[in-house]
Amino acid sequence: MGSSSHHNQEDVLKSADSTAWFRSYLHGGTSSLISTLTTIITFPLYKTVFRQQLHSTLVREAVAQLFKEGPVKLFRGVAPPLLMRSLNGTLLFGLQDTFLQQLSLCSMPTLPRNGLPALAGLGAGVVEALLFTPFERVQNVLQNSRNDSRLPTLRSILLKLASRPLASGYYTAFLPILIRNALGNSLYFGLKGPMSNTLRAYGCSPVAASFTAGVLNSVVISLPLYPLSVLVANMQARVDGGGRGVKTSWQQLWAARQHRLILLYRGGFLVILRSCVTWGITTAIYDQLERRSR
């Protein structure tokens with residue numbers, strides 16, 4: 001009798017863990033899918049910033065380039081970030097929750113409990129970099145207008161990248177992406193809970209607290225990691241002449257920006273603003289779905 005009761009309790013716990021595991025993936029995918037609306041709306045803004053990252057141009061010069069190319073090419077390259085955004089949220093929140101559950105079961109006194117979300121986020125960021133670097137590579141090639149004549153279609157780009165070694169093909173700039181995603185996700189999940197709880201303690205509603213926490217998190221993450229995004233854009237935008245190492249690419253980028261930090265951050269304000277809106281909405285929706293399912 002006692003053994004049967006014990007087994008029943010284990011089955012219930014396993015079922016609960018399985019349900020929670022699936023729920024985090026579902027809620028992550030739902031929140032990211034809804035927030036893709038901001039990706040579509042702000043894509044011209046993102047493309048303007050990409051041109052600034054690539055050519056260090058002023059906003060009006062980047063806008064003039066896009067205007068000259070016409071509305072047909074304005075949304076060239078929007079498909080990869082849309083697909084990546086939807087899949088990214090599903091895996092990011094789901095994997096982080098899965099890693100967090102596994103870490104919580106480990107009896108390691110050296111790991112503080114409040115540091116586990118950040119550690120789980122680090123693991124999720126590593127997996128994210130492995131899975132989504134090819135998407136980012138294709139997106140950056142598509143958005144570089146200098147590739148339009150030689151690689152006019154998505155299929156031609158895919159075939160060209162597939163013909164090259166991984167390090168200079170689909171996985172160009174993998175190392176800076178790995179560092180950016182691992183650190184960014186670790187900070188996001190490590191700070192999200194404490195920020196939200198603090199804001200609620202000061203009288204914010206749960207939704208407002210989650211949205212504000214997402215916005216503040218985005219600022220904290222985007223500011224120091226933005227140079228890595230600029231480096232990635234410059235490494236990935238060209239198909240030929242690739243294969244340069246991270247150190248060489250950084251030295252060339254720093255020289256092209258005249259060794260001035262302000263030029264390196266050109267376009268950064270628009271990126272951070274867009275990121276704040278996206279992650280504020282994503283965080284608010286995810287947390288609200290989590291609260292309703294409890």
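Let's start with one contact. A polar atom in the side chain of T212 sits 2.7 Å from the backbone oxygen of A208. That is a polar contact: two N or O atoms within 3.5 Å, where, within protein, one must be able to donate a hydrogen and the other to accept it, and residues adjacent in sequence count only if both atoms are side-chain atoms.

A word on the model. It is predicted, so local features need pLDDT of at least 70 and side-chain atom pairs pLDDT 80 or more, while totals for chains, interfaces and linings use all residues. Residues are numbered from 1 along each chain, and side-chain values use heavy atoms, without hydrogens or water.

Back to T212. It belongs to helix α8, residues 206–236. Helices here are DSSP runs of H or I, at least four residues, numbered from the N terminus. T212 has a relative accessible area of 27%, so it is partly exposed. Buried means under 20%, exposed over 50%, partly exposed in between, with a 1.4 Å probe and protein chains only. K192 is 20 residues from T212 along the chain, and their C-alpha atoms are 9.7 Å apart.

Next, the rings. How many aromatic pairs does a search of the whole structure find? Nine. Rings of Phe, Tyr and Trp (its six-membered ring) pair if their centres lie within 6.5 Å; planes under 30 degrees apart are stacked, over 60 edge-to-face, the rest tilted.

Take F132 and F135. Their ring centres are 5.6 Å apart and their planes meet at 50°, so this pair is tilted. Both sit in helix α5, three residues apart, about one turn. Buried or partly exposed? F132 is buried, at 6% relative accessibility. F135 is partly exposed, at 25%.

Now Y188 and W279. They also make a tilted pair, 5.0 Å centre to centre, with 50° between planes. This one links distant parts of the chain: Y188 is in helix α7 (residues 174–201), W279 in helix α11 (residues 268–293), 91 residues apart. Both residues are buried. They also join a cluster linked by ring pairs, with F93, F189 and Y286.

Last, the record. An unreviewed UniProt entry lists "transmembrane region" for residues 25–46, 170–191, 203–226 and 263–286. Such annotations may be inferred rather than shown by experiment; positions follow the numbering used here, and feature names are shortened. What does the model show over 170–191? The chain there is 82% helix and 0% strand, with end C-alpha atoms 32 Å apart. Residues 203–226 are 88% helix and 0% strand, with their ends 32 Å apart by C-alpha atoms.

How values were computed. Helix = DSSP H or I, 4+ residues; strand = E, 2+ residues; numbered from the N terminus.
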